[in-house]
There are 4 protein chains.
Amino acid sequence: MSSSFGTLLRITTFGESHGVGIGVIIDGCPAGLPITTEEIQVALDRRRPGQSDLTTPRKEADQVEVLSGVFRDETTGTPISLLIRNKDQASHDYSHIEHAYRPSHADYTYDVKYGRRDYRGGGRSSARETAARVAAGVVAGKLLAQYGVRAQSYVSQVGAIAVPVGYEQLDLGLIDSNLVRCPHPETAERMAELIRQTRDRHDTVGGLVTGVVQGVPVGLGEPVFDKLHAELGKAMLSINAVKGFEYGSGFAGTLLFGSEHNDAFYTDENGAVRTRTNHSGGIQGGISNGQDIYFRVAFKPVATILQAQATINDQGEEISLAGRGRHDPCVLPRAVPIVDAMTNLVLADMLLRARANKV
Amino acid sequence: MSSSFGTLLRITTFGESHGVGIGVIIDGCPAGLPITTEEIQVALDRRRPGQSDLTTPRKEADQVEVLSGVFRDETTGTPISLLIRNKDQASHDYSHIEHAYRPSHADYTYDVKYGRRDYRGGGRSSARETAARVAAGVVAGKLLAQYGVRAQSYVSQVGAIAVPVGYEQLDLGLIDSNLVRCPHPETAERMAELIRQTRDRHDTVGGLVTGVVQGVPVGLGEPVFDKLHAELGKAMLSINAVKGFEYGSGFAGTLLFGSEHNDAFYTDENGAVRTRTNHSGGIQGGISNGQDIYFRVAFKPVATILQAQATINDQGEEISLAGRGRHDPCVLPRAVPIVDAMTNLVLADMLLRARANKV
Amino acid sequence: MSSSFGTLLRITTFGESHGVGIGVIIDGCPAGLPITTEEIQVALDRRRPGQSDLTTPRKEADQVEVLSGVFRDETTGTPISLLIRNKDQASHDYSHIEHAYRPSHADYTYDVKYGRRDYRGGGRSSARETAARVAAGVVAGKLLAQYGVRAQSYVSQVGAIAVPVGYEQLDLGLIDSNLVRCPHPETAERMAELIRQTRDRHDTVGGLVTGVVQGVPVGLGEPVFDKLHAELGKAMLSINAVKGFEYGSGFAGTLLFGSEHNDAFYTDENGAVRTRTNHSGGIQGGISNGQDIYFRVAFKPVATILQAQATINDQGEEISLAGRGRHDPCVLPRAVPIVDAMTNLVLADMLLRARANKV
Amino acid sequence: MSSSFGTLLRITTFGESHGVGIGVIIDGCPAGLPITTEEIQVALDRRRPGQSDLTTPRKEADQVEVLSGVFRDETTGTPISLLIRNKDQASHDYSHIEHAYRPSHADYTYDVKYGRRDYRGGGRSSARETAARVAAGVVAGKLLAQYGVRAQSYVSQVGAIAVPVGYEQLDLGLIDSNLVRCPHPETAERMAELIRQTRDRHDTVGGLVTGVVQGVPVGLGEPVFDKLHAELGKAMLSINAVKGFEYGSGFAGTLLFGSEHNDAFYTDENGAVRTRTNHSGGIQGGISNGQDIYFRVAFKPVATILQAQATINDQGEEISLAGRGRHDPCVLPRAVPIVDAMTNLVLADMLLRARANKV
């Protein structure tokens, strides 16, 4: 059951980087959501390689096909299956890594765990698997839209270059106004510059994505183990290259005293319950409290670099291995739609689960 | 299904802070593990309130009773049920919070989600629920011990006072040598001093717990969604007051370039595959690689303070609310056995799941 | 996960026949259901041994204690835990079966599967486990009652003595009017006579329980694998001693042609969609169609008889084994509340799941 | 989650009868199983329409494509995805049932449950979905073969024409020797004659499939809810048109006394534990005991007949509806590979689950 996520809105992904294709089944989606192939394609285009000079120059069209679950542009309540065929998967030569263990890749662990692996382009461990998540996330987002919930994310840090203000002070409408997907234009320019320098050095650089969810009704998230932020954390940590997750005040919150950290409740002019600060990040006791949810996701610099590195082969012999061809100097811009998708999937699942709260 | 955790080794906890008691069922535990009530009690005593002047002075004996699943001090393969009765639950007066929403507590979100709540001592949202996890974690730890796996954790930061070195430079045998559960004695003293000052100011302080797992075989963790670190992250984020999780290089890893961050493989003198650095934190592609697993968990300062705070009641009216009686200025020392327990539960579950890897 | 049942309304049972006690956690129950300990006790009293001379003379009070999840006689949305302590579990002597494999019992299979077993009174394989299900079924029934759904069952056959008419021609209000729980009084008398004769011969006899569910809304049950009748079938087959399940026309339906078997739709005088016949048993395509659901459950004669039988011990040696003390000549009357409970649990779970059908 | 089945070996099917195609993801399959597309195709060919004059003359090639999870003709441990595209799905005219509710079909219940349906050829409720199960069952069967487990099934009754002997007296090698898939040649001829007569009358006829599993190790099946026969029962009841399930002595066993029904253990000449009779059907306490598992599955006559029937439309108006074109007079011969597949899936899942029994 390693390839499924969600309880009521449940996705199962499949596919290898250089096999026939990748895809996803979305089971448990309510009937009656409007959805078109084009809407899914828009999200996939935000993730696909070769969008700009900041990402991998590898070209993949990533055309999605809807195999089931949609009739006359509406969901029917039956499983929605989406397929993205891989193009020219036979055209690459991966024989140099068939027996080599690339540093900080999953080659070694897969080989020991399963006794074999599809080594072509990383096989199942390739981040290409996340295209299936992005496609599924669009469907989840359509459900959320019915309830006025909207998840957005942006690149808030690349290497040491960070957006100097919080999300409340940004215009999130600017996220797609630049190639980095950072809604703070000056910072975006500096980030782009760092990414290009890194690319030219044949190296890679990491950073942070900040996620924001607005319009969340009170009551989403299950207490105890399936807390809303615990599910969000798992969702984010399941994305390739993610090393950390924090929400609300996060790690910095450990430096505050309780008297500073507590969020005072008040009733606003419309009679709505609100909090004066939001260190809680919109979640209390694992349950949404109606304030904005926000969180940060740490991405390491990806492991594929175009420099020679010392490593071993599957016989335990030390070898030198150099990446070939093309690489992605910074995955952050392409990670934004993946973070959006996983956020949508968690929130939509919790929205369905919350229907069982009360008699 | 909000109160269950795990796939093959699956626990379900129950109980409210001031109801009859709390407890847990552990389903899926293999037969043949040696286990005694006394071993479980030892772990519970590390978590129970009133251990020292650094934690809440509330006294709870937390005596565990084994209701099923153990015969002649061995697990039988049937569900293990553990019950901890609450003592003198009738003796406290919680009427002042029956209609009040305490800042940064779950009173408001529970009330909206369920239309009611057991307000006595926080009811189900109380951290008292974690006693059941600690008890279950002992059973999981017994399974891990059969395979030479050992999870330990310690307090690595309180407020801004941090252990100045990494876990590799510490003697983890010293964790229980002081009340803070910090194996760096000088730092532990300074932490204790900060906690006492905070207590005397009727305030609370947060911090970090660092977890370390040693002796892990290669191959634990499922690729894609149930990555080993994703499950660990969810487990930690499900603990009351946790705001963040990172493993290996974590958030700091975002500042490194790929050429600095990659862990080079080599074969050691015994023919074992190892890595020269361990930024991966013992996990690659979501699967353990045999190196030490390490991670950090951020705890906010807990919300119950003995100072008057502005808030509202369940009619939306603004009120002032002051905590009463006793409070816990810093939960970090008592959080250590909880982190241990959740780590054990994740690793043991993954160990059982890994049995299905290969024909 | 062998001891859990249900998806959204999920129960997990625990306990051995002669251990400390047995019990159940009900997780996922909506908040706001009225429930009292007394209501649960009434159902348990229908199942408990020693009710009459038709069942085992073993006396067990089966007093239930509510450990959690209920506050002021209402469910709170948190896990409901129920405990039934075993009485005088030390007083019986089961040493004669410690090393013997009773014919058609689970002694041998447990021993091989787990390498050991709690042999006292059958341990976990004892039908005593079903007391926990009966208790949980009461809670599920309270949810169904909110929607006007009512499940009832009765003994329709004992040995070869069968009720000569279908459920529609019976007054189900008579189920508890006799010791057999058969609402056809003349047949009940003949059944009682057969049971007494069987008891006096130190033998056992099987039979059928018929279940009926009325007031079911259209739309319960998930298509494909979790069809309503597939879940009912699994639920019934999970009860000790059950050998078969059929619903609607069942096995006899195989003798009809399609032109005879099809249920014609019509609209009744109130504008409700109905069918002129009900061979479908109220379920079409796995989904309730609003007509009565009915099914039959086959119970074998239970294995414990007070006659000497040839068998082997755990060394493979052939021995003769005679049951001791008291036995239950016919479990059918006591099976009725168990069938009711499992029916309630399936229907209530499906009712919650159906909330996710549509946007 | 309606379209998933299994715990560790878990399948999820998708697709509609006249959409793009149908398919399945098999998640949790161990690495290292040999498997080819051709082997899957052989099983699909046993199920496909148009095989003989006894089944629907509708022609579907049902060509399977392996999308993932297999590398160099071996499973890799990653999800196996199989796709069967529908042919000429646009060529049929189903407009006559767009607004009609066919008797004993799922048109009405789907429409109410989901507020809409893909009416073309039954959409998701079509038995065409079972082709995906058959494909998945081949993979499960490959796992079982590694352990010497073999599941086979055959048509044991059509209408009132029944095989006069038990499975032990049949040569199961003859199952595919005739079009009916009944290994008792004389009976098979009479069955074929009845099917042809029924076909010519534009009617349908039901019957029984008997399943047999040989070579099962002791210890498969989880006690309590996931008993081996409870999972088998659910699996069979989830197949379209199934109305009943019994195993071992089944319904007939209710007519025996315990002294007749109990299976005496003995040790055979090879030191193996066996039973002298097998009323238990190879399962005791929900766990396999090493004897043959056998069971019977009741199929109703399918609902599509080529005769005019009274029914209503989606406005509640009474109409007369006649089936058009081609129909399947008896699904039993084509049900055999479906029963085989579901049996394989249950056994293989239980085989993996059993790996967690003991330390």
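Let's start with charge pairs: eight salt bridges turn up across the interface of chain B and chain A. Keep in mind that this is a predicted model. One of those pairings joins B:Glu318 to A:Arg276, and there the closest N and O atoms sit 3.7 Å apart.

What classes of residue does chain B bring to the side that touches chain A? That side has 43 nonpolar, 43 polar and 21 charged residues.

Now for the area. Chain B and chain A bury about 8,100 Å² between them, with 60% of it on carbon and sulfur atoms. Three residues stand out on the chain B side: B:Lys113, B:Phe225 and B:Lys243 supply 12% of the area that chain B buries against chain A, more than any other three residues.

| Interface | Residues in contact | Buried area | Share on carbon and sulfur atoms |
|---|---|---|---|
| Chain B and chain A | 107 residues of chain B, 107 residues of chain A | about 8,100 Å² | 60% |
| Chain A and chain C | 13 residues of chain A, 13 residues of chain C | about 1,200 Å² | 61% |

Which residues of chain A lose the most area to chain C? They are A:Arg355, A:Ala356 and A:Val359, and together they account for 49% of what that side buries. Sorted by class, the side of chain A that touches chain C has eight nonpolar, three polar and two charged residues. The salt bridge count between chain A and chain C is zero, but 11 residue pairs are in polar contact there, again with both at pLDDT 80 or more.

Finally, take a look inside chain B. Helix H1 (residues 37-47) of chain B and helix H7 (residues 332-353) of chain B have axes that come within 7 Å and cross at roughly 140°. Because of that angle, H1(B) counts as oblique to H7(B). On the H1(B) side, the contact is made by B:Ala43, B:Arg46 and B:Arg47. H7(B) brings B:Arg334, B:Val336, B:Pro337, B:Ile338 and B:Asp340. The residues of this contact between H1(B) and H7(B) split into four nonpolar, no polar and four charged.

Terms used: Residues are numbered from 1 along each chain as its sequence is written. Chains are lettered from A and ligands numbered from 1 in the order in which they are written. This is a predicted model: local features need pLDDT of at least 70, side-chain atom pairs count only at pLDDT 80 or more; totals for chains, interfaces and linings use all residues. Side-chain values use heavy atoms; hydrogens and water are left out. Axes are lines fitted to C-alpha atoms, for helices over the stretch in contact, and angles run from 0 to 180 degrees between N-to-C directions. Helices (H or I, at least four residues) and strands (E, at least two) are DSSP runs, numbered from the N terminus. Angles under 35 degrees count as roughly parallel, over 145 as roughly antiparallel, 65 to 115 as roughly perpendicular and the rest as oblique. Contact means heavy atoms within 4.5 Å. Ala, Val, Leu, Ile, Met, Phe, Trp, Tyr, Cys and Pro count as nonpolar, Asp, Glu, Lys and Arg as charged, and the others, Gly among them, as polar. Buried area is the accessible area (1.4 Å probe) that two parts lose on being put together, summed over both. A salt bridge is a side-chain nitrogen of Lys or Arg within 4 Å of a carboxyl oxygen of Asp or Glu. A polar contact is a pair of N or O atoms within 3.5 Å; within protein, one must be able to donate a hydrogen and the other to accept it, and residues adjacent in sequence count only if both atoms are side-chain atoms.
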